[in-house]
Amino acid sequence: MRKKNVLGLLLMLGVGLCSCSRATDFGSTEAETEQGLLSLTLGTKADFTTRAVVENDYVNTDNYTVVVTDKDGVEKMNCSGSEVSSKMPLIMSVGSYTVKAYYGKEHPASRDEFYVFGETHGTIKADQQEAVEVVCAPTCGRITVNFDKQLATYYRDYKVTFKGTKALGEESIEWKKNDTEPWYVLLDEGGETISFTINTTPKEEFINNPQQGNTKTGTFKLERNKAYKMNITANYTPTIFGEVEISITIDDSTNDIPVDIEVPIEWT
């Protein structure tokens, strides 16, 4: 499986400053000579693993909102990415400034929308030129589940329930056996551990060991701006109990080198 960097977005901003000593440049008063020009260009650095429409929307920087504020917190620009070039160059006072760019909406968990945000702070100095970049990244992790076809041989039904993140609180989300759309799960900046429960309904001819039951639980770590595929497989051992064993690996598809992480599970 090819591994790709999932969901990372890069906004490149060039800040061009010039000397403002001439009254004809920015104004006629002495105070107005302490100004510079802010020049922004938007780009994207994203390499998505699917052709999902919701993800492709985030590649198009025209969809972004870009906000620039000066040292006093005064908004100097607020527009869509498609309008940025027409508003350049932007006259700014010498001093600190903030640039923000964002797109989407934040949810505890969603299948069709997530939030991407980036922010940077800098200082405009007289007679100097500065270049700055804003790295925009999703505030979520991406989860998909891949049920091996063998599960349909042994089970009439099966699903995975996820819970345990701060944003989800007491709520949970489900991946049913026929689901195909990913879950985008809101996470703390440092990532979070999410718990999962696999519920299975075995066919009569493949009854599980009654001491094991049909529910399996475990946890794994999620990080922002990374995609995780949960691979679930099953194998039948023809003992007197007709036991079906389930194994799980987590495929982190943002790695340059393919890595399968074996996940320990508990039977309940």
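Over the ring of which residue does the charged end of arginine 111 sit? It is the ring of tryptophan 175, with the charged end 5.1 Å from the ring centre. A charge sits over a ring if NZ of Lys or CZ of Arg is within 6 Å of the ring centre and within 35 degrees of the ring normal. Lysine 177 also has its charged end over a ring, that of tyrosine 158, 5.9 Å from the centre.

This is a predicted model, in which local features need pLDDT of at least 70, side-chain atom pairs count only at pLDDT 80 or more, and totals for chains, interfaces and linings use all residues. Residues are numbered from 1 along each chain as its sequence is written, and side-chain values use heavy atoms, with hydrogens and water left out.

## Aromatic pairs

The whole structure holds 9 aromatic pairs. Rings of Phe, Tyr and Trp (its six-membered ring) pair if their centres lie within 6.5 Å; planes under 30 degrees apart count as stacked, over 60 as edge-to-face and the rest as tilted. The rings of tyrosine 64 and tyrosine 103 have planes at 40° and centres 5.7 Å apart, so this pair is tilted. The pair links distant parts of the chain, 39 residues apart. Tyrosine 64 is in the loop between helix 2 (53–56) and strand 3 (65–69), and tyrosine 103 is in strand 6 (residues 95–104). Helices (H or I, at least four residues) and strands (E, at least two) are DSSP runs, numbered from the N terminus.

Tyrosine 64 is buried, at 1% relative accessible area. Buried means under 20% relative accessible area, exposed over 50%, partly exposed in between (1.4 Å probe, protein chains only). Tyrosine 115 and phenylalanine 117 form a stacked pair, 6.2 Å centre to centre with 15° between the planes. Phenylalanine 117 is partly exposed, with a relative accessible area of 28%. One aromatic cluster is formed by Tyr58, Tyr64, Tyr103, Phe114 and Tyr184.

## Cavity and pocket

The structure has 1 cavity of 30 Å³ or more. On a 1 Å grid over the protein atoms alone, a cavity is a set of points where a 1.4 Å probe fits but cannot get out, and a pocket is an open set with protein on both sides within 12 Å along at least five of seven lines; lining residues have an atom within 4 Å of a point. Grid points are joined across faces, edges and corners, and a volume is the space filled by probe spheres set on the points.

The largest cavity has a volume of about 40 Å³. Its lining includes Phe114, Tyr115, Thr139 and Tyr184. Strand 13 (residues 183–186) gives the largest share of this lining, 3 residues. By class, the lining of the largest cavity has 6 nonpolar, 3 polar and 3 charged residues. Ala, Val, Leu, Ile, Met, Phe, Trp, Tyr, Cys and Pro count as nonpolar, Asp, Glu, Lys and Arg as charged, and the others, Gly among them, as polar.

The second largest pocket has a volume of about 170 Å³. Phe117, Thr139 and Asn225 are among its lining residues. The lining of this pocket divides into 3 nonpolar, 2 polar and 2 charged. Asparagine 225 has a positive phi of about 65° although it is not a glycine. Asparagine 225 is in the loop between strand 15 and strand 16 (227–237), and counts as buried at 17% relative accessibility.

## Strands, loops and contacts

Lysine 216 belongs to strand 15 (residues 215–222). Lysine 216 counts as buried, at 0% relative accessibility. Its side chain makes a polar contact of 2.9 Å with the side chain of threonine 200. A polar contact is a pair of N or O atoms within 3.5 Å; within protein, one must be able to donate a hydrogen and the other to accept it, and residues adjacent in sequence count only if both atoms are side-chain atoms.

The loop between strand 4 (75–80) and strand 5 holds serine 85. Serine 85 counts as exposed, at 58% relative accessibility. Proline 89 is also in the loop between strand 4 and strand 5. The peptide bond from methionine 88 to proline 89 is cis, with omega near -5°. Methionine 92 lies in strand 5 (residues 90–93) and is buried, at 1%. Valine 145, in strand 10 (residues 140–147), counts as buried at 9%.

The table gives C-alpha separations.

| Residues | Apart along the chain | C-alpha to C-alpha |
|---|---|---|
| Methionine 92 and glutamine 35 | 57 residues | 5.5 Å |
| Serine 85 and leucine 40 | 45 residues | 7.2 Å |
| Valine 145 and glutamate 181 | 36 residues | 9.3 Å |
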